[in-house]
Amino acid sequence: MIKRVEINYRGIFQKNLGKKIGSDIVIIASRMGRIGFSNGRYSDSPERNGIPCKYFAFVSHDLSEEELEAECGAKLDIDQCDISVVLDDTMLKGVEPWGWHGVRPINEKVQPNGTLLVVTKRTPDELLEFIAKKPYSWKLATYSGDLSFGGLWVFRDDLTHEKTLGAVAGIDSDIIGIEAAEGYLRYKTPKEPARAEAARLAYEEVRKTVRTVKPGEGVEWKHEIPVLPKWFEFMEGAAVPAVKREFSLGPKGQSRNETFKRGTTKNQRPVVRFDLCTKCTLCWLECPDQCFDQTDDGLYDIAYEYCTGCNKCAQACPVKECIVMVDELQFTDDSSPWEAYKANPEKYTEWAEDRKSTGRYIHPMVTGTGLEFLEGELVPFGGKRASPKK
Amino acid sequence: MATETIVYDKIKGVHKIPLEEFYTSGHRTCQGCESATTMRAFIKVAGPRTVVTGSTGCMYVANTSYMTTPWIVPWMHTQLGAGGSSAIGMAAGLRALKRKGKIKDEPINAIAFCGDLGGGDMGLSGISGALQTDYDLLIIMYDNESAANTDIQATGLSTYGAQTTFTPPGSKHRIMQKRWKKNVAGMLAVGHPTCKYVATACATFPPLDYMNKVRKALAVGGPTFIHTYDPCPKGWDFHPRYSHEIGEFGIKSGLYPLFEIIEGQVVYTYDCRKTAKGRTPVKEFLEAQGRFAHLIPEDVDYIQKRVDDMWEEWDIPGVAPIKGVLKA
Amino acid sequence: MIAEEPKTKNVYEREDLLTGCQAVSQGVRLADVDVIAAYPIRPYTEVMDALSKIIADGELDAEYIIADSEHSQFEIVKHASSVNARAFAGSSGTGWCYGFEALVVTATDRLPVLFLVGNRALDDPGAFGVEHNDAMAVRDMGWLLAWVTTPQEALEHVLIGYRIAEDKRVRMPMALAMDGAFLTHSQHMVKIPTAEAVRQFLPPYDLGEGRLHPDNPISIAPQVNEDWVMELRRQNWDAARRARGVIKEAYREFNAVFGERYSSPFFTEFMTDDADTVLIGLGTVCAPGRTACKRLREKGHKVGFVSLRWFRPFPTIELRESLKRFKAVGVIDRDFAHGSPDDGGIVMHEVRSALYPLKNRPAITNIITGLGGRDVSIDDCIRMYEIAQKSKTEDKLDNFVTWIGVRE
């Protein structure tokens, strides 16, 4: 018997978290007398901020370490898993780690009756509006938590690690048991009972939230999975065609890399109040991903499928409430915001304000030191241009 | 001023920046990658009649995931230490083919970029060789102060005290990165009297400064070199939102001197001397990054002291660590 | 020795006394090379000395770059080649090794640069005599690799080399190897072809859709993950296999233009009709080898000599067909492969594995000789024949490998 756990995380921000979870599953399993090992998807390295990455943990009760290694180890990715953990719920919109990989469903590897385990503040039903349907039934479970982003050197220690261990135990005790998880956490940090308690709470929570997803439940997956060419079907000398030179003003006026878009890197996207824009160019100028298309009226449209959600445009924009970063799960398509604005400025602005709302979070300079929650300001259409940022 | 003696197509305001991209969307760089901005800006102002090589490093591996590319202009990978030699190869080949009538005789820019590991450490002698030729070529060393592509190891250009995977703080040694940052631009300018243009820059601060330096380098002709300071959200451990601010902090604190050396004349493009703009405390820059989280006040004071010394004591601040001549 | 002139026209402009290196420089001049990168190391350096003078005297219009190291030297010509300039470089011994990284990528980028390798023993201690391990280092990297034995052949193989390397079906870098000192520095009369004859044989270099130019926007060698490397290797494997046919074609063409210079492209047989024992070797060892062969024939021994020219691609079928006619084959190695099967040399391993599929294989024996520039005399070669002849009768040799010329 083999138990496979896949941990989906955002590159760098959750690198340490993903690895800690994978490692501790193995340590706890072996404390229970089980065989296990853990590894990451090698080609994710070197990781980039925001890129969807994977870590794995494999556990067996009966196989030898070598058999388990042969079954699971000598592979770059897995074919299926018992549990797929998702450490940032915006990855439910799909994951594309490299070119020619395609935007894959987050539950691609979840086997029949396997579980997609998501840390989120949303309900399973809300999440199902983004997850691909499957021909068989599988399970969806959630446990609550804020976005847990840290850095390479400063780790975000917000108990997401412990919660996830408890949640995994709650879904499948054949991987790790909750008592063993608690015992291990108490043994590791005797002075910090909160860690074991967090695991226990998540354990109980997932047993409540877990629900079966019937065959066909979920969304139709619209992204194609590319077929890799055969050896004689592409140029020799390691040469590949460049992006074709094309430029005009307006949406999609700039030619872009069609075979590797970056959209699944973002967990927030910039929402623009075109009516407040001073045409200062800074969002366009600061964008490291060339996502802004200047329009004939001097505004800047956004090619969302290429936006990585880095926040630089929102930071650079000198006008309050003009560019605001909004959680990616608030959006269902990547269509041009400028076109929507031109079609109906009032309606677009209303929609934009609704997305933005007033509850916001922002990361401090050192990512791992925690989220800052702020109160935004609503600016009605035609309302006075908001005061410049201080 | 020397900088005015160069005849070049100056970009006079942000609204005058060319809109068209030649390094376009769809690359595997980090969120908020400042080096990606460095790439985007140099090719934007160099234009489509350009051939580019990129040394192994982040801007190679992150930018191109096989069978796709973000480059619209011709681009080729070159080896880690081959920034200088690849530029020579392209420039020499094109010159010969034009002279011998094998291709149309027209201006084509040859630009090579390399990181601080490739250019500042391994490739230094190759760049030196390139700067001794008379070919029209530009070498851009994008400096994110680490081997960012192998998960952040220290290089000869990492800031003193920084945590990297080769220099982790420990219970016995708080600071493992004990080397002071190598002054590559200054060294190259001082060592290559016939090289007409060497500059340091930062992609987004001050606005337009870097783009115009690239334009100048290409206009001056001959072999030229630009060293850019590229804040790295991944390795320096700050949120991508603040890439611009971190660069601005570094420059205003005087840690990263911005200058041009044009035919032997130094021009400070952000003058941190007390007699000019002055400096902000390096503390502000260090505190904003997780890689310095382990530093204690004495470490910060030491860095501050060395920066003050560089600006107030050196004969040519930021360029040559020489305080004057002793009588024999 | 040059075979009879082609009837039609005079294809040679003059005859000069040239060293192997100087002969190569004439080949480079005639190939109208565009970019040359130089860095000094004995013994290949003399080709760069000669080329700098040829350029100084205006006999060749080319960029001549004095590099800061072999690594830069090789990268310079690699990138010159990528913008569609015909490029030339070379090296010897540890210099060749210093630039090895660049040599590897020149092959994986499939750039047809021609390099002269003046074979030199590897340090340490610092040595300068001939040994083949330097050039042999690229044998599995996607290179064309051939040894020449006279200055005349050296000049001609610059032209033949570029033609094969630049062929659309091949596009591999070419290492033209020659024995240090014995060939690089010994002077012989060399017939120098006319530019017109060379034009007939060697078409201009055209990288086509593979060239780096603003009119042909491509990206060369983007980073690969595990999804691509195997297919790329497969492409290069195919090119190396296609090269065999292109090589045959090139020699046919060369003979058509310059007269019957080469009886067969990959290797030259000497006195092999009715022979029962042959020696096979690379490079200048063929001179004492053939002479010893002659002397033994005079004494009635049925011996012959096979002078191997092409090592990559290896002429598997042709050599198998040739050697199966003999009872015993003695393989001469001017290289070492410490700890390899039977502790033999590189050439022996390749020859032996080429013969393996035969039902009745000739007896094989291996001679290591001439390392670090040690002389190989006619008498040495007579001894080699004796050893090979002995191997016919003894089914098991107590020492399969014999070192000849070592003090013991």
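Visitor: Is B:Cys30 buried or exposed?
Guide: B:Cys30 counts as buried, at 7% relative accessibility. Buried stands for under 20% relative accessible area, exposed for over 50%, and partly exposed for what lies in between, using a 1.4 Å probe and protein chains only.

Visitor: What kind of model is this, and how are its residues and chains labelled?
Guide: It is a predicted model, in which local features need pLDDT of at least 70 and side-chain atom pairs count only at pLDDT 80 or more, while totals for chains, interfaces and linings use all residues. Residues are numbered from 1 along each chain as its sequence is written, chains are lettered from A and ligands numbered from 1 in the order in which they are written, and side-chain values use heavy atoms, with hydrogens and water left out.

Visitor: What are the scores of the model, and what is the mean pLDDT of chain C?
Guide: The model has an ipTM of 0.96 and a pTM of 0.96. Chain C has a mean pLDDT of 95, and 97% of its residues reach 70 or more; pLDDT is the predictor's confidence in each residue, from 0 to 100.

Visitor: Back to cysteines: how many disulfides are there over all chains?
Guide: Zero, according to a search of the whole structure. A disulfide is counted where two cysteine sulfur atoms lie within 2.5 Å.

Visitor: New topic: what is the strand order in the open sheet of 10 strands?
Guide: The order is S8(A)-S9(C)-S2(B)-S1(B)-S3(B)-S4(B)-S6(B)-S5(B)-S7(B)-S8(B), with mixed pairing. At the edges are strand S8 (239–241) of chain A and strand S8 (265–270) of chain B, each pairing on one side only. Neighbouring strands are turned by 15° against each other on average, direction ignored. Strands (E, at least two residues) and helices (H or I, at least four) are DSSP runs numbered from the N terminus, and two strands pair if DSSP finds at least two bridges between them.

Visitor: Which strands does helix H6 of chain B lie across?
Guide: Helix H6 (residues 124–131) lies across strands S3 (109–115), S4 (137–143) and S6 (223–229) of chain B, at about 140° to S6(B). Axes are lines fitted to C-alpha atoms, for helices over the stretch in contact, and angles run from 0 to 180 degrees between N-to-C directions.

Visitor: Where is C:His185 found?
Guide: In the loop between strand S7 (174–179) and strand S8 (188–193) of chain C. C:His185 is partly exposed, with a relative accessible area of 41%. Not counting residues up to four places away in sequence, C:His185 touches C:Thr19, C:Pro43 and C:Glu46; contact means heavy atoms within 4.5 Å.

Visitor: And C:Asp179, buried or exposed?
Guide: C:Asp179 counts as buried, at 0% relative accessibility, and is placed in strand S7 of chain C. Its contacts beyond four places in sequence include C:Trp147 and C:Arg334.

Visitor: Lastly, where is A:Leu68?
Guide: A:Leu68 is in helix H2 (residues 65–73) of chain A, and is buried, with a relative accessible area of 0%. A:Phe37 is 31 residues from A:Leu68 in sequence and 8.3 Å away in space, C-alpha to C-alpha.
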